[in-house]
Number of protein chains: 2
Amino acid sequence: MKIVIVGATGTLGSKITADLEKDHEVIKVGTKTGDLQADITDPESIKIMFEKVGSFDALVCAAGGGHFGPLNSMTTEEFLKGVNSKMMGQINLVLLGQHYINPKGSFTLITGVLSDDPVRNSVNLATVNSAVNGFVKAAALELENGVRINAVSPGVVEDSPELFEAFPGHKPVSMERVVFAYRKSVLGHVTGQIIKEV
Amino acid sequence: MKIVIVGATGTLGSKITADLEKDHEVIKVGTKTGDLQADITDPESIKIMFEKVGSFDALVCAAGGGHFGPLNSMTTEEFLKGVNSKMMGQINLVLLGQHYINPKGSFTLITGVLSDDPVRNSVNLATVNSAVNGFVKAAALELENGVRINAVSPGVVEDSPELFEAFPGHKPVSMERVVFAYRKSVLGHVTGQIIKEV
């Protein structure tokens, strides 16, 4: 299988890559590193990346950020950080990627627990995670040629201890479980699912 | 109570207005009609509207659109219609409105059944409805001075028969039930709720 991994060199992406490249051809995409570079906040950059990739069997995303901060001083500009990156970045990967993906291929996006179980300062990320979850459920009804789509929605991961204080009472999730969720989406048969690892 | 109703002259907004203006001071906001005009896709226009309103006790939104059309030809530009209107339009009403609302006030936004139960062609609206639902749940944790926030999430309404064909198997909801959902949010005590009328 030819698998494109966007965010392949990040904390999570590097684990997913190590897992999937054992048995598959992996194309690593990063903002500055990897086999190919793309800025997911720029649809034109995504399109250039797909033109270089050509056809593929699976796209995995472990990229996209947002704004973490208090609601009472939040500006529209701060809010748009997550909208342009984790939300529209991932949605544009699908809107554009649907024209390059092989029949029976799959898209696997990343969301997170904040959509269901927000914490203080998480308004932007809760919103964009929810948006991508809604996109996945609706897009699964329409993707053609047996193409599937899922989101992996992890809790705060063990490898990000710097976040623990901001997530009181959230039990950290092992990276192994998150990598298994990606395997389920890429190698399994489910579609339209929000695969929760919390 | 001084209640600002954005989208007051629309199909739904006019019913909510008729209900609430019996016992409250209502300020009707429309794009071209009403007591005040605002374009919710433009944060500057929203800010000017709030400056004219001054302090208020409740903001009710029954406005905001999106793109309804097939995924296989959907462009980023089409997708941004819903992002800029029903999603960021409503979110900006809260980001900006939190600085004008009175203690113990409330925000009531509009989403819809497509976040949970999408139909063909609904990818954009499913996404933006989900986004606003996620925003409401997270914002409820942080709004200060007892200010509440909820979303009303109706199914396809009886008064929009032109939509029935696009929603096969969705039982139309009476406008009366949707108006009751707004009453629950504005006059009740709940917060962080997605009030579903399906």
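**Where the two chains meet**

A: In this predicted model, 14 residue pairs, both at pLDDT 80 or more, are in polar contact between chain A and chain B, a polar contact being a pair of N or O atoms within 3.5 Å, where within protein one must be able to donate a hydrogen and the other to accept it, and residues adjacent in sequence count only if both atoms are side-chain atoms. On the side of chain A that touches chain B, the elements giving two or more residues are α3 (76–97) and α4 (123–139) of chain A, where helices (H or I, at least four residues) and strands (E, at least two) are DSSP runs numbered from the N terminus. The largest share, 10 residues, comes from α4(A). By kind, the residues of this side divide into 21 nonpolar, 13 polar and five charged, with Ala, Val, Leu, Ile, Met, Phe, Trp, Tyr, Cys and Pro counted as nonpolar, Asp, Glu, Lys and Arg as charged, and the others, Gly among them, as polar.

Residues are numbered from 1 along each chain as its sequence is written, while chains are lettered from A and ligands numbered from 1 in the order in which they are written. As this is a prediction, local features need pLDDT of at least 70 and side-chain atom pairs count only at pLDDT 80 or more, whereas totals for chains, interfaces and linings use all residues, and side-chain values use heavy atoms, leaving out hydrogens and water.

In total, 39 residues of chain A are in contact (heavy atoms within 4.5 Å) with 39 residues of chain B. Between them the chains bury about 3,100 Å², 64% of it on carbon and sulfur atoms, buried area being the accessible area (1.4 Å probe) that two parts lose on being put together, summed over both.

α4(A) leads on to A:T111, which is found in the loop between β5 and α4 of chain A. At 3% relative accessibility A:T111 counts as buried, the classes being buried under 20% relative accessible area, exposed over 50% and partly exposed in between (1.4 Å probe, protein chains only). Its side chain makes a polar contact with the side chain of A:N133 at 3.0 Å, and, leaving aside neighbours within four places in sequence, the contacts of A:T111 include A:K86, A:N129 and A:I194.

The strand β5(A) pairs with β4(A) in the parallel sense over four bridges, and two strands pair if DSSP finds at least two bridges between them. On the way across, A:L59 stands opposite A:F107 in β5(A), while A:V4 stands opposite A:L59 in β4(A). Five of the six residues of β4(A) (residues 56–61) are buried, and A:I101, in β5(A) (residues 101–110), is also buried at 11% relative accessibility.

Over all chains the structure holds 12 salt bridges. One of them joins the side chains of A:R177 and A:E197 at 2.9 Å, N to O; A:R177 lies in helix α5 (residues 175–187) and A:E197 in strand β7 (residues 193–197) of chain A, so the pair ties together parts that are 20 residues apart in sequence.

Definitions and conventions
A salt bridge is a side-chain nitrogen of Lys or Arg within 4 Å of a carboxyl oxygen of Asp or Glu.
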